[in-house]
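Below are some notes on the pocket and the nonpolar packing of this model. Please read them alongside the coordinates.

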Amino acid sequence: FSFVLSPVLINLGYKLVDCFKTETKPDLPLKALSKSIHDHVVVVGYSYVGRVICIMLEQANIPFIAFERRLDRIAEAKKEKRKVYFGDVTSPGMMNALAISRARAVIVTTRDYSAAKQLISTVLHFHPNLKVMTAVPYLFQRDELRELGAAQVVALMPEGTLSFGKSVLGQLGIKPENIDP
């Protein structure tokens, strides 16, 4: 029974995959892409924070290359005419293909803390002089990533809230020197 049913189910599986497949072919092969990039910023993750970082880099005319593992976010980036590629940057082989050694910086914007920690640890193991920056939700995560050697780590919850609070007080007429951090 399984000899008869397995080929049918396998073919059905391939047809289902084709129905749900999104276009994820890169504009350039990865090898050609790695040869064409120098002094670039690698952005890992294209959630809300990653999207904002990419927009800011574009406006500052800083070359970057962005990677995401979720296909829906890649499709969203394509609609915005932004080049975001599918890929898992935690692999040392992928890092070499991306010319991370020639990168200006790596910005990790993934929401998955354990993935971010693994990526930062791996990047800094192979490229200890590379600037690695990230934003995390909590202070303990910030401190842990700073100990790993990340150049810039912002804890969004307290630091973002304090920044917002300062701007609120400023809008209400309080002078910046009178606002305690």
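1. Contact here means heavy atoms within 4.5 Å. Leaving aside residues up to four places away in sequence, Val 106 touches Val 42, Val 44, Ile 100, Val 123, Leu 130, Lys 131, Val 132 and Met 133.

2. The model is predicted, with local features needing pLDDT of at least 70 and side-chain atom pairs counting only at pLDDT 80 or more, while totals for chains, interfaces and linings use all residues. Residues are numbered from 1 along each chain as its sequence is written, and side-chain values use heavy atoms, with hydrogens and water left out.

3. A nonpolar core is a set of buried Ala, Val, Leu, Ile, Met, Phe, Trp, Tyr and Cys residues joined through side-chain atoms within 4.5 Å; buried means under 20% relative accessible area (1.4 Å probe, protein chains only). The largest such core has 25 residues, and Val 42, Phe 67, Ile 100 and Val 106 have the most contacts inside it. Helix 6 (113-126) is among the elements giving two or more residues to this core, and its six residues are the largest share. Helices (H or I, at least four residues) and strands (E, at least two) are DSSP runs, numbered from the N terminus.

4. Another core, of ten residues, lies apart from the largest one and includes Val 43, Ala 66, Ile 74 and Val 84.

5. Helix 3 gives the largest share of the lining, five residues.

Note on methods: Buried < 20%, exposed > 50% of the residue type's maximum accessible area, 1.4 Å probe, protein only.
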